[in-house]
Amino acid sequence: MFGISFNAQSEKTEKYTQSAQHIVLPNNASAQINIKIFDFQPPIIDFSRIDKHIFTKVVEDEKILKAVGDREYLKTYREDQDGNIRANRVDFEPIVGRLVDVKSLPLYGKTIIVNAGHGYYKEENGEIAVDTGTKTNGKAPEWIVNYDNSMLLINRLRELGAKVIYIQGAMREQHNTVKIELEEMKEFGKINPDMFISLHINSLSDNTTHHGSEVFTTAISNDSSKTFRENIKSNLQKNGYKVASKSRDLGALNSSIENFDIPSVLFEYDFISSPVGREKVYNPDEREKYADVLTKSILSYFGVEE
Ligand SMILES: [Zn+2]
């Protein structure tokens, strides 16, 4: 089933959702603690007009909770009736000012899937575990960075009138919850997304100087994906970024392309294995700049020039 909450867990979910809507994020205590752990604050999220976050269970593992800090949508995980872990998912509506006609916004009518790379899965012994992504040597783990970067992008896209579907889950071969989510979306046909973008950070184990962004499509990518890829590349270059665009086989990305025939790319911000890349990825101002460039690229893909 999809989109309906009906079991004992739903009460927990309900409580969680309601309290989440009343949390004031900017200056609360846990956000302060969080800065100390990761050197940067999680993005502020407008909790208004968000569809119910269903099938969620509250994470109880202390270590995971400490890592997650004040990130609302990582404090829970999704589980289906059979006990399978599902990708975390939140459907965000546009953010519209009181006197603004949503239809006048440039991305009105568009639904964009923003996939924050890596996340929860279940071990064979039934315990909740995290595919944290690439090694970050004591810095904030990739899945957390990806979450924050996704929220920075999502905030911008919602303000431009788009609906945004945030998906985050394990992307390992055995546990590709993102792929499953995309397949189910298609099966139930309720969602007609217009674009898919997966956000990651990169690292190399044997090279500490290589840096720059990478935009990936796959061997089976459609022309719209390639256009979107080159769009991001040129927007980054215009803003002084070093960037390569490449083709690679990527499970979740493949399935978005196969299922929906929409522009789909995977974006790697930079290599945290190099000092230059690390500075870019972990600098809050830089993170805002990336979100701006990605937003510009999305706008120009849809033919909106600023
Ligand atoms: Zn990754």
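Reader: Are the two faces of strand β8 buried or exposed?

Author: In a regular strand the side chains alternate between the two faces of the sheet. In β8, Lys163, Ile165, Ile167 and Gly169 lie on one side, Val164, Tyr166 and Gln168 on the other, and all are buried. Buried needs 20 or more other C-beta atoms within 10 Å of the residue's own; exposed means 12 or fewer, partly exposed in between, with C-beta atoms placed from the backbone. Strand β8 covers residues 163-169, and seven of its seven residues are buried. Strands (E, at least two residues) and helices (H or I, at least four) are DSSP runs, numbered from the N terminus.

This is a predicted model: local features need pLDDT of at least 70, side-chain atom pairs count only at pLDDT 80 or more, and totals for chains, interfaces and linings use all residues. Residues are numbered from 1 along each chain as its sequence is written.

Reader: Which way do β4 and β5 run against β8?

Author: Strands of a sheet pair through backbone hydrogen bonds, either parallel or antiparallel. Pairing here takes at least two DSSP bridges between two strands. Strand β4 (residues 88-92) runs antiparallel to β8, with five bridges. Arginine 89 has isoleucine 167 of β8 as its bridge partner. Strand β5 (residues 111-117) runs parallel to β8, with seven bridges.

Reader: What is the strand order in the open sheet?

Author: The order is β1-β2-β3, with antiparallel pairing. β1 (56-58) and β3 (85-86) are at the edges with a single partner strand each, so one side of each has no neighbour in the sheet. Three bridges join β1 to strand β2 (residues 76-79). Valine 58 has threonine 76 of β2 as its bridge partner.

Reader: How do the axes of α5 and α7 cross?

Author: Axes are lines fitted to C-alpha atoms, for helices over the stretch in contact; angles run from 0 to 180 degrees between N-to-C directions. Helix α5 (residues 177-188) and helix α7 (residues 251-260) have axes that come within 8 Å and cross at roughly 10°. Contact residues include Leu182 of α5 and Phe260 of α7; contact means C-beta atoms, placed from the backbone, within 7 Å.

Reader: What does pLDDT say about residues 1-40?

Author: pLDDT is the predictor's confidence in each residue, from 0 to 100. Over residues 1-40 pLDDT stays under 50. The protein averages 81, and 82% of the residues score at least 70.

Methods
Contact = placed C-beta atoms within 7 Å.
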